[in-house]
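The sequence and structure come first.

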Amino acid sequence: MKPVLLYGTPFCGYCAAARRLLAEKGVVFEEVDLAAEPGRRAEMVERAKGARSVPQLFVGGEHVGGFSEMWELDRSGKLDALLAGG
Ligand SMILES: N[C@@H](CCC(=O)N[C@@H](CS)C(=O)NCC(=O)O)C(=O)O
């Protein structure tokens, strides 16, 4: 399983949805809480190629996008392979 990193904030519905989807899959992920570490938002924006909304998700260090992009990958059956390293 590749490492998963989520940049998010506590009061964000899309972040909650992303956490739920990952939890449903049994994925243990690391989270950067931008409310607790606001200084890391610039790091997120740079790594996410300018995207400013939360969540921003990375699998194996590669930018996946927000919840919508991750959900679309799951819907099209590609997320499990990505997580597994395929
Ligand atoms: N399509 C995005 C929507 C994310 C979104 O709208 N997040 C809100 C917080 S729940 C946000 O960051 N709003 C501020 C902004 O867009 O700059 C996704 O699926 O992740």
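## Helix H3 on the sheet

In this predicted model, helix H3 lies across strands S3 and S4 and runs at about 90° to S4. H3 spans residues 67–75 and is also part of what covers the buried residues of helix H1.

## The sheet

Four strands make up an open sheet with mixed pairing, in the order S2-S1-S3-S4. S2 and S4 (62–65) are at the edges with a single partner strand each, so one side of each has no neighbour in the sheet. From one strand to the next the twist averages 25°.

S1 and S2 run parallel and are joined by 5 bridges. Within this pair, Leu5 stands opposite Glu30 of S2, and Tyr7 has Val32 of S2 as its bridge partner. The chain passes from S1 through H1 to S2 in a β-α-β crossover that is right-handed.

Of the 5 residues in S1, 5 are buried. Val4, Leu6 and Gly8 point one way from the strand, while Leu5 and Tyr7 point the other way. In a regular strand, side chains alternate between the two faces of the sheet.

S1 pairs with S3 in the antiparallel sense over 4 bridges. Here Leu6 stands opposite Leu57 and Tyr7 stands opposite Gln56. S3 is likewise covered on both faces: Gln56 and Phe58 are buried on one side, and Leu57 and Val59 are buried on the other.

## The S3-S4 hairpin

S3 and S4 form a hairpin with 2 residues between them.

## Helix H1

H1 covers residues 13–24, 12 residues in total, and reaches 16 Å from its first C-alpha to its last, close to the 16 Å expected at 1.5 Å a residue. H1 lies across S1, S2 and S3 and runs at about 160° to S1. After the helix comes Gly26, with a positive phi near 75°.

Which residues of H1 are buried? They are Cys15, Ala17, Ala18, Leu21 and Leu22. Seen down the axis of H1, these buried residues fall within an arc of 160°, so they line one face of the helix. An α-helix has 3.6 residues a turn, so residues three or four places apart point the same way. The cover over the buried residues of H1 includes strands S1 (4–8), S2 (29–33) and S3 (56–59), together with helices H3 and H4 (79–84). On the other side of H1, Gly13, Ala23 and Glu24 are exposed.

## Thr9 in the S1-H1 loop

Thr9 sits in the loop between S1 and H1. Is Thr9 buried or exposed? Its relative accessible area is 15%; the cut-off for buried is under 20%, so Thr9 counts as buried.

Leaving aside neighbours within four places in sequence, what is Thr9 in contact with? The contacts are Cys15, Arg19, Asp33, Leu34, Ala35, Arg41 and Val54. One of these, Cys15, is also among the buried residues of H1.

Conventions
Residues are numbered from 1 along each chain as its sequence is written. This is a predicted model: local features need pLDDT of at least 70, side-chain atom pairs count only at pLDDT 80 or more; totals for chains, interfaces and linings use all residues. Side-chain values use heavy atoms; hydrogens and water are left out. The expected span of a helix is 1.5 Å times one less than its number of residues. Buried means under 20% relative accessible area, exposed over 50%, partly exposed in between (1.4 Å probe, protein chains only). The arc is that of the directions from the helix axis to the C-beta atoms. Contact means heavy atoms within 4.5 Å. Two strands pair if DSSP finds at least two bridges between them. Axes are lines fitted to C-alpha atoms, for helices over the stretch in contact, and angles run from 0 to 180 degrees between N-to-C directions. A crossover is right-handed if, with the strands pointing away from the viewer, the path from the first strand over the helix to the second runs clockwise.
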